Amino acid sequence: MSRSKLSYFYILLKGMAMGAADVVPGVSGGTIAFISGIYQELIETIDALNFGIFKVWKKEGIKVVFEKYNLGFLLSLFIGIFISILSLAKLISYLLEHHPIIVWSFFFGLVIASIIYIGKQITRWNLATILVMLLGVAIAYIITIATPSEAPDIWYFFFISGCIAIIAMILPGVSGSFILVLLGSYGLVLGTLTDFISGVTTGDWELVKTSFFKVTLFILGCIVGLKVFSKALNWMFTHKKQLTLAILTGFMIGSLNKIWPWKEVLSTRIDRHGDEVPLIEKSIMPSSFEGEALVVYAIISAIVGFLVILILEKIAVKKGVNAD
């Protein structure tokens, strides 16, 4: 597929938006991909990748490989995701710690708008689509109330975490970051990314070496999981699109419990830095929240999140890349 340099730059920006969403437990980068009009191309491109790529490379050269396998699109997207995750890991951690209500409100508005957007793609409502959507709601809600586990800081667990998390990351409404939370590896992965950045900026190459190995294992796990799952997802979109959209909509509705801004902490745990952090929380009304509820700021933040998706939708429609 032939594209202009400007087009690849836009894809990189969309990748950065996906990466920003994937850093936050409860928000899916797949949602951003769907809204920005690149979701199906992403799944089809990944599904088309196979070992034949090396044969084509040997016979026809790298330029033909890039065109035949749409690697320019994939490379631009994943560079954007990687840049965003590396640059925003510390910022997102800081904001979630110091301004949680504002951050969660923004993403709550974003997901509400995404539910409306994806729900509009369902053109045939019947008993099957309704039941499948309710199943998606139930599955996502059960995930949000599951008790997180404690993960071992062992090299192979980074690979396993990558395999599992990437499946959720490309599903609209299912947060890869939150799956990492449930696995108990969110703190390990985010902490490793932070260590890598700190090592590079401070010149601590021993820290870079240790963290780079773990980050590489996580990325390899993501690649394996993505390839395996993309084939099934591509088949679903090709042959059962209405049911697929219905269950994705359900996933997003069920995930709202996780990103509700006001929480009551039921139990805590000690993280890798020795700090006490929430382990199990439940959603409560702002009036029951201990501390300043910041309702007005939360509403404004949610509206901003809603408008972000609305603007992305308008841009997608204007460019003729709407998911329909």
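Helix 12 is the main contributor to a nonpolar surface patch in this predicted model, supplying five residues. The patch comprises Phe 82, Ile 154, Tyr 156, Phe 159, Ile 160, Ile 164, Ile 219, Leu 220, Ile 223, Val 224 and Val 228. Together these residues present about 890 Å² of accessible area. Two helices each provide at least two patch residues: helix 9, spanning 155-169, and helix 12, spanning 205-239.

Ile 164 is one of the patch residues. Helix 9 contains Ile 164. The relative accessibility of Ile 164 is 37%.

Helix 1 covers residues 5-23, 19 residues in total. The distance from its first C-alpha to its last is 27 Å. This is close to the 27 Å expected at 1.5 Å a residue. Buried positions in helix 1 are Ile 11, Leu 12, Gly 15, Met 18, Gly 19, Ala 21, Asp 22 and Val 23.

At the level of the whole chain, the fold contains 14 helices and two strands. The chain has 324 residues, and 48% of them count as buried. Its accessible surface comes to about 16,500 Å². Carbon and sulfur atoms account for 70% of that surface. Contacts were also sorted by sequence separation. Among those between residues at least 6 apart in sequence, 75% join residues at least 24 apart.

Technical notes. Residues are numbered from 1 along each chain as its sequence is written. This is a predicted model: local features need pLDDT of at least 70, side-chain atom pairs count only at pLDDT 80 or more; totals for chains, interfaces and linings use all residues. Side-chain values use heavy atoms; hydrogens and water are left out. Patches are made of residues with over 30% relative accessible area and no salt bridge: like charges are joined within 9 Å, nonpolar side chains (Val, Leu, Ile, Met, Phe, Trp, Tyr) within 5 Å. Accessible areas come from the Shrake-Rupley method with a 1.4 Å probe; for residues, only the protein chains shown count as cover. A salt bridge is a side-chain nitrogen of Lys or Arg within 4 Å of a carboxyl oxygen of Asp or Glu. Helices (H or I, at least four residues) and strands (E, at least two) are DSSP runs, numbered from the N terminus. Buried means under 20% relative accessible area, exposed over 50%, partly exposed in between (1.4 Å probe, protein chains only). Contact means heavy atoms within 4.5 Å. The expected span of a helix is 1.5 Å times one less than its number of residues.
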